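Please prepare a short briefing on the structure shown below.

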Amino acid sequence: MYRSTDKSCCFTDLLSNLYGIANLNDRIRRCTQMLGPAGPRPITEGDRRRILGANGDLAAKALRVLAVAQRKQSAAPKSFEPQELERELTFVGLIGMMDPP
């Protein structure tokens with residue numbers, strides 16, 4: 001695990017997957033695909049608008065919202081620098097969490 005400068009966290013199994021968790025505005029701009037029922041597909045501006053809308057709906061319910069993205073890797077990363085790891089991500093979904101009372 002490493003923590004990027006933009007307050008995101010990434011986890012990697014070093015061989016095949018990178019998983020990133022961050023606030024949506026940081027994460028969505030690094031996504032080139034999104035995970036759909038048939039697997040990854042290119043993300044569109046319409047997708048981004050719908051995701052931002054869902055984010056707004058969750059936030060309006062006083063939920064803390066995190067975005068999850070992943071990237072398949074064919075080998076261990078050459079570097080753990082954010083610009084190396086946090087690129088060409090596939091948007092997976094949003095997590096809405098309620099803070100304890």
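Does arginine 71 count as buried or exposed, and at what relative accessibility? At 10% relative accessibility, arginine 71 counts as buried, where buried means under 20% relative accessible area, exposed over 50% and partly exposed in between, with a 1.4 Å probe and protein chains only. The model is a predicted one, in which local features need pLDDT of at least 70, side-chain atom pairs count only at pLDDT 80 or more, and totals for chains, interfaces and linings use all residues. Residues are numbered from 1 along each chain as its sequence is written, and side-chain values use heavy atoms, with hydrogens and water left out.

**Overall architecture**

- The protein chain contains 3 helices and 7 strands; helices (H or I, at least four residues) and strands (E, at least two) are DSSP runs numbered from the N terminus.
- Along the sequence, these elements follow the pattern β-β-β-α-β-β-α-β-α-β.
- Of the 101 residues in the protein chain, 39% count as buried.
- Among contacts (heavy atoms within 4.5 Å) between residues at least 6 apart in sequence, 60% join residues at least 24 apart.
- The protein chain exposes about 6300 Å², of which carbon and sulfur atoms supply 58%; accessible areas come from the Shrake-Rupley method with a 1.4 Å probe, and for residues only the protein chains shown count as cover.

**Pairing of strand 4**

- Strand 4 (residues 31–36) pairs with strand 5 (residues 39–42) in the antiparallel sense over 4 bridges; two strands pair if DSSP finds at least two bridges between them.
- A hairpin through 2 residues joins strand 4 to strand 5.
- Glycine 36 stands opposite glycine 39 in strand 5, and leucine 35 stands opposite proline 40 in that strand.
- Strand 4 also pairs with strand 7 (residues 89–97), in the parallel sense and over 3 bridges.
- The bridge partner of cysteine 31 in strand 7 is leucine 89.

**Helix 2**

- Helix 2 (residues 45–60) has 16 residues and reaches 22 Å from its first C-alpha to its last.
- This span is close to the 22 Å expected at 1.5 Å a residue, the expected span being 1.5 Å times one less than the number of residues.
- The buried residues of helix 2 are Gly46, Asp47, Arg48, Ile51 and Asn55.
- Just after helix 2, alanine 62 takes a positive phi of about 65 degrees.

**Arginine 71**

- Arginine 71 lies in strand 6 (residues 64–72).
- The side chain of arginine 71 reaches the backbone oxygen of arginine 87 at 3.0 Å.

Terms used. A polar contact is a pair of N or O atoms within 3.5 Å; within protein, one must be able to donate a hydrogen and the other to accept it, and residues adjacent in sequence count only if both atoms are side-chain atoms.
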